[in-house]
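Morning, everyone. I have one structure to walk through today, so please bring it up on your screens.

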Amino acid sequence: MTDKAMINRVVHVLYSGLGGHGAVMFGMLDAGFFAEAEHLVLLTGVEPPLPDYVSRLDQRKMAWRYVPKQPGRGYVAFYRALRRAIFETDPDLVFVHGLATIPSVVWNRSRAVVLVRETEPQSTKSIKDWGSLAVAHTSVDAIVHLTEDAAQTAAAKLRLLHRPGKVHIIGNGLDIDYFSPASGWPDRLLAGPQIRLGMVARLQPNKDHQTLIAAFDGLCAERPWVDARLEIAGDGTTRPALEAEVARRGLQDRVTFHGTLSAEGVRDLLRSLDIYVHSSFGETMSNSIMQAMAVGLPVIAGAVSGVTNMVTSDVGLLYPSRDVSSLRSEIVDLLDNPDEARRLGAAARKRALTQYDAKLTARAYEELTEKLVREKAGN
């Protein structure tokens, strides 16, 4: 059991824009992560804090600050400002979500335990990301990977810079009571006059929305009598190109770009879908797939690293990455077999209940923190 009295002040360092980090942090907080401690959330980045983050923090009466970064410049000043904000409250635990802010926690001379949650897909890490991870191995108390595969890949890449004693594996979790099936599930899946497919993700190059749109276009052409709709939630740099592609294909009446949604908006959108499709070039442990599984949706996803460990044949379908024809075929198979879609959705919900509960994640981080605090104190 964790001695929670050891932890009085926790500082979270979180990207201010849309991403999976926020979903995981809020899921852990809702699950009671060091509930008796004082929490300060530092939202950092070039984007202003998401209104949803601000609203949820204010509802919890939880302290937060925005530490802005100027795009493409002012790195030293930014890291110094963030470092002051992190350590000025004399925290017991500094929980860093991601690699971007590692320079602010190196050479930690405080008594605080510094824990880094490393989530960037191995396939999309930049040279800077790998450098930050190497620095983390020499500077922080613990590095948490989401999967064993991610940890092994990092070890092979970093070689002599890797510190295996600092590495731990803790998967993501979410509030499985909040992300729960809609009324009438699973009978309502593929039972209505309209078929709704959807994907929730940042609109950025490592997400393969182009393949999804092309496969959806093929579905509409192959089965013009099906009233199919594609719901895309998220925002980012590729949105103008994706909107232009939808217009070029004449799909404006069938494809909706919802932009950035609140947690409630994401949940409600997922509950309205019949099938969840995740087209990506690589993940670590997708929060969107977890959320879709938690609401009981059958999942179709690209067979890429960080997805195949989540989407197996008993809960969903996989297709070769970038293969438009295969993705269209998998969608058609579920349309033709609604009972199978409902079976997969029920199995997905069951897996979420047993493996993706934020309570399990919160307890694992608490136990790790207690161990680190004792080791730092020499006990």
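Let me start with Leu190. This residue counts as buried, at 12% relative accessibility. Keep in mind that we are looking at a predicted model. Leu190 sits in the loop between β7 and β8. Its phi is near 60 degrees, which is a positive value in a residue other than glycine.

Why flag that? Most residues other than glycine have a negative phi, and most peptide bonds are trans.

Pro186 is in the loop between β7, residues 167–169, and β8, residues 194–200. The peptide bond joining Trp185 and Pro186 is cis, with omega about 0 degrees.

There is another positive phi to look at. Phe34 has phi near 40 degrees, and again the residue is not glycine. You will find Phe34 in the loop between α1 and β2, the strand at 38–45. Is Phe34 buried or exposed? Buried, with a relative accessible area of 1%.

Now the core. The largest nonpolar core has 63 residues. Which of them touch the most other members? Phe216, Leu270, Tyr276 and Ile300. The element that gives the most to this core is helix α6, residues 209–222, with six residues. A separate core of 28 residues lies apart from that one, and its members include Ala85, Phe87, Leu133 and Ala154.

Stay on Phe216 for a moment. Leave out its neighbours within four places in sequence. Phe216 is then in contact with Leu197, Ala228, Arg229, Leu230, Leu251, Arg254 and Val255.

On to α6 as a whole. Eleven of its 14 residues are buried, so the helix is largely enclosed by the rest of the structure. The cut-off for buried is under 20% relative accessible area. The buried set runs His209, then Thr211, Leu212, Ile213, Ala214, Ala215, Phe216, Asp217, Gly218, Leu219 and Cys220.

Next, what α6 packs against. Two packed helices are described by the angle between their axes and the distance between the axes. For α6 and helix α7, residues 239–248, the axes come within 11 Å and cross at roughly 15 degrees. The two helices are therefore roughly parallel to each other; the cut-off for that label is an angle under 35 degrees. Their crossing is right-handed. On the α6 side, the contact is made by His209, Gln210 and Ile213. On the α7 side, Ala241, Leu242, Glu245 and Val246 make it.

Helix α1 covers residues 20–30, and helix α2 covers residues 51–59. Their axes come within 12 Å and cross at roughly 15 degrees. That makes α1 roughly parallel to α2. Which hand does the crossing of α1 and α2 have? It is left-handed. Gly22, Met25, Phe26 and Asp30 of α1 make the contact with Tyr53, Arg56 and Leu57 of α2.

Helix α3 comes next, at residues 75–87. Its 13 residues reach 18 Å from first C-alpha to last, close to the 18 Å expected at 1.5 Å a residue. The buried residues of α3 are Phe78, Tyr79, Leu82, Ala85, Ile86 and Phe87. What do they pack against? Five strands are on the list by name: β1 at 9–15, β2, β3 at 63–68, β4 at 93–97 and β5 at 113–118. Helix α4, at 127–139, is on it as well.

Ser280 lies in the loop between β11, residues 275–278, and α9, residues 287–294. At 2% relative accessibility, Ser280 counts as buried. Not counting residues up to four places away in sequence, Ser280 touches Asn206, Lys207, Asp208, Val304 and Ser321. Compare Arg254: Ser280 and Arg254 are 26 residues apart in sequence and 21 Å apart in space, C-alpha to C-alpha.

Last one: Leu360, in helix α12, residues 358–377. Leu360 counts as partly exposed, at 49% relative accessibility. Leu360 and Ala346 are 14 residues apart along the chain, and their C-alpha atoms are separated by 21 Å.

That's my tour. Over to you.

Conventions. Residues numbered from 1 in each chain as written. Predicted model: local features only at pLDDT ≥ 70, side-chain atom pairs only at ≥ 80, totals over all residues. Heavy atoms only, no water. Core = buried A, V, L, I, M, F, W, Y, C linked by side-chain atoms within 4.5 Å. Buried < 20%, exposed > 50% of the residue type's maximum accessible area, 1.4 Å probe, protein only. Helix = DSSP H or I, 4+ residues; strand = E, 2+ residues; numbered from the N terminus. Contact = heavy atoms within 4.5 Å. Axes fitted to C-alpha atoms, helices over the stretch in contact; angles between N-to-C directions. Parallel < 35°, antiparallel > 145°, perpendicular 65-115°, else oblique. Left-handed = near helix turned anticlockwise from the far one by under 90°. Expected span 1.5 Å × (residues − 1).
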